[in-house]
Amino acid sequence: MFGDDEARGPRPLPARRALVDDVYDAVLGLLMDRVIEPGARVNIDAVARDLDVSPTPVREALTRLESEGLVVKRALKGYVAASLLDTAGLRDLYDMRELLEPEAARRASLHLDDATTAELGESVAQMRAASAPDEDESFRNYRRFIDEDLHFHHLIAESAQSPLLAEAIVRLRAHMHLYRLNFRHDFEDDTVREHESILEALRGDDPEAAAAAMRTHIERSYERLGPALTQRDED
C-alpha cells in the first residue's frame, strides 16, 4: 500500500498529510472489517509492518480514532478497539441521531446541487442492487449495502453546510456502521424505501418534509436494530 519512500525520510507537508490520511483509512478499515476485533488490543508495530509504514502515522491515526470513540487508550495496554454498543449505548446513539440528522436533512434540502442529488440517487440505486438475493456473494453485497448507507447519510450531512453538524453525524455513523457489520439481519428493503422517501423530499425542495422523512427513517431503524442487541444481551 505504501512504498519505502513514503514511510521514511523527510517529505513535503502535503505528502505527509496524504500518508496520515491513508493510514487512518486503513486502520479504520481494519476495525470495521473486524480484522481487529472489538475489545482487542491494537498492536501498533504489527499494523505498521502490515501497512509498510513507520509506527508514527499509525499512532497519529489511532489518536484520531480515539477522538471518534472507535479506540480507547488504556494504561499499560495501549490502544484497544472499542467494544460494541450495549442496549443503553445504542439508545443513546439513536437519540443523538434523532436530534442531528433531521436538522441536517432540513438544511441540506436548501443547498443540494444537481451533482449531489444525482449522487444520492445513485447511492439508493446501488443499495437496491446490493439488496437483491445472491447467496454466492451475500456478505460482499451486505458490506456494499451498508457502505452505501453510510455514504448516503454522509452526503446529506456534508450538504447541510455546517461543518460541526457534519462532523458530529459522521462520528455517530461510524459507530452505527460498526454495529451493523456485527449484527446482520433483514432490513435492506425497508432501508432502501426510507432512503427513497428522504431523497424524494430533498428533490422536492421541502425542508420540513426532508426532516420528517429522516426522522421516520431513524425511528424505524431503531425499531429494527434494537431487538437484535436486546437478544444478544439476553443470550
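**Exercise 1.** How do the residues of the lining of the largest pocket divide into nonpolar, polar and charged?

*Solution.* The structure is a predicted model, in which local features need pLDDT of at least 70 and side-chain atom pairs count only at pLDDT 80 or more, while totals for chains, interfaces and linings use all residues. Residues are numbered from 1 along each chain as its sequence is written, and side-chain values use heavy atoms, with hydrogens and water left out.

Begin with the pocket (on a 1 Å grid over the protein atoms alone, an open set of points where a 1.4 Å probe fits, with protein on both sides within 12 Å along at least five of seven lines; lining residues have an atom within 4 Å of a point). The largest pocket has a volume of about 330 Å³, taken as the space filled by probe spheres set on the points. Of its 17 lining residues, Y24, L28, E68, H154 and V170 are the closest to the centre. The lining divides into eight nonpolar residues, three polar and six charged, where Asp, Glu, Lys and Arg count as charged, Ala, Val, Leu, Ile, Met, Phe, Trp, Tyr, Cys and Pro as nonpolar, and the others, Gly among them, as polar.

**Exercise 2.** Determine whether H154 is buried or exposed, and state which residues it contacts.

*Solution.* Next, its relative accessible area is 17%, so H154 is buried (under 20%, with a 1.4 Å probe and protein chains only). Finally, leaving aside neighbours within four places in sequence, H154 is in contact (heavy atoms within 4.5 Å) with V170 and R173.

Notes:
Buried means under 20% relative accessible area, exposed over 50%, partly exposed in between (1.4 Å probe, protein chains only).
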